[in-house]
Amino acid sequence: MPKVGVEKKEAVGNGVKRLAFTGLSVLFQIIFIVFIVLKLSRYFVWIVLLSDIISLLFSLLIYSASSNSTIKIPWIILILTFPILGLTLFVTIGLGIYTSGKRKVFLDVDERLLPLLKTESTALDNFTKTDKLKSGISRFIEKVCGYPVYENTDVIYFDDAYPAIEAQKEELKKAEEFIFMEYHAIEDKETWQGIEEILAERVREGVEVRVFYDDVGSIGFIDTYFVKKLEDLGIQCTVFNKASPGVNFLLNNRDHRKITVIDGKVGFVGGYNLANEYVNIDSPYGHWKDTGICIKGEAVKSLSITFLQMWDAVNQTKEAEKAAQKYIKEFSAKAKKDSFVQPYADTPADNIRTGEDVYIGIAETALDYAWFISPYLILTDEMIHAFGMAAKRGVDVRVITPGIPDKKSVYQITRSYYNSLVRNGVRIFEYTPGFSHCKMAVSDDKIAVCGTINLDYRSFYHNFENACLYYGNKAVLDTKEDFDNTLAKCVEVSDKYLKNDKIISLGQMILKLFAPLM
């Protein structure tokens, strides 16, 4: 078997340059607008009056929108304080997916594909009979978001990215019909190359292989050379959110999903991307902690549809319905008693905050404990209230964050939220060995969530995300055990931030104010 080529360093360098050039292009556009206004200084009074009127109208428009108030306030302050800069940023970044008909494209795809998941299954009714309280979360995901709950599915939990990727590679080798892979970041080094070699071999055996990645997420790792290389191997490749000079209205909306589907029978989801740092080949932030799950059985249908939704929306095709019979597999095995699995996705195109609402639901339905782990902690008022109310009810609410940050400014924002939580009884722990990138929750030894959804505004409001809820199976207990093991490597900082109730620094205040826009 020929050895897969390594992407040249200059190609990766070109990716970074391309991102920098894109950023400079947007900056120059802003400077150009300001320059034009200044050149018209003789009309200064009228320009100021006009900008004030426009700023006020936009502020009223933002205020009347149905989005979270914590997101509205920073935009209103920015626009009223710096009208030209604020309006330019809002139009180029703030509107995001709501411009240029992009929102309608994604909603139309969902409208066409989600009905393919509708089933006559009694899984939701059985879940309700098993646990009326916690099944409410599942009912919301199925009835409102369109992703069914399944019984006929096994779940395997991985407490580290390395065994997850090794298991993934073994399953990829068995593929007979098709492979779907969608990742926020791919790095063309050892971790990916081992996978790519398997994909190339499966293509030679007649397996259809599709790879989908986010350009902004991968831009520091790969360049457009990567697409050509995969296509030369017979692998279909599509790029989301391509960073290019000029105004890109989707630049603030990223595909943060991590999905692998094999023959519609086996699926992988989790927090890890396909890059060396996730398996600790490279360790720039101490030990990188990540997790994932493998699901086998009926629930893989939802992962197949989630992948096809994004593929169709970006490529503007309608082939998925015609090919649904090929990609959506039926299963006849006997359901597992009192065990339920529910993969789901979140999109910024609708007004449903699926990821946030599921986490809030876990806190609100917890009776004994509700533990969460996230690399970033930039919470909405609703989530702070839900966590606090659960703690006040006597629920053991804990949140694990990294001990070593990957982004120092975001780390400062994360810590600025500690006091709001600990003063209401929530306990905060920091993972001392390094950077914890997991995005998970577990509650009452019954229910757990593992996926890509961080406890922050970007995941809740801006990104395309996915996760999987599982109940009543061994994977839940494995998740709890991993939390216990992780907590043993953490230091609790609750008392420190409870006592430190002084006014936060000006820098932290500014960062916290504009955090929802990051």
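Helix 5 passes helix 12 in a right-handed crossing. A crossing is called right-handed if the near helix is turned clockwise from the far one by less than a right angle, and left-handed if anticlockwise. The model is predicted, so local features need pLDDT of at least 70 and side-chain atom pairs count only at pLDDT 80 or more, while totals for chains, interfaces and linings use all residues. Residues are numbered from 1 along each chain as its sequence is written, and side-chain values use heavy atoms, with hydrogens and water left out.

Two packed helices are described by the angle between their axes and the distance between the axes. Helix 5 spans residues 102-113, and helix 12 spans residues 300-315. Their axes come within 9 Å and cross at roughly 140 degrees. Axes are lines fitted to C-alpha atoms, for helices over the stretch in contact, and angles run from 0 to 180 degrees between N-to-C directions. Helices (H or I, at least four residues) and strands (E, at least two) are DSSP runs, numbered from the N terminus. Helix 5 and helix 12 are therefore oblique to each other. Angles under 35 degrees count as roughly parallel, over 145 as roughly antiparallel, 65 to 115 as roughly perpendicular, and the rest as oblique.

Helix 5 contributes V105, F106, V109, D110, R112 and L113 to the contact (heavy atoms within 4.5 Å). Helix 12 contributes I305, L308, Q309, M310, D312 and A313. By class, this contact of helix 5 with helix 12 has eight nonpolar, one polar and three charged residues. Ala, Val, Leu, Ile, Met, Phe, Trp, Tyr, Cys and Pro count as nonpolar, Asp, Glu, Lys and Arg as charged, and the others, Gly among them, as polar.

A second pair is helix 6 (residues 123-130) and helix 7 (residues 135-143). The axes of helix 6 and helix 7 come within 9 Å and cross at roughly 160 degrees. The two helices are therefore roughly antiparallel to each other. Their crossing is left-handed. L124, F127 and T128 of helix 6 meet S135, S138, R139, E142 and K143 of helix 7. The residues of this contact divide into two nonpolar, three polar and three charged.

A349 lies in the loop between strand 9 (340-346) and helix 14 (354-365). With a relative accessible area of 0%, A349 is buried. Buried means under 20% relative accessible area, exposed over 50%, and partly exposed in between (1.4 Å probe, protein chains only). A349 and L107 are 242 residues apart along the chain, yet their C-alpha atoms are separated by 6.5 Å.
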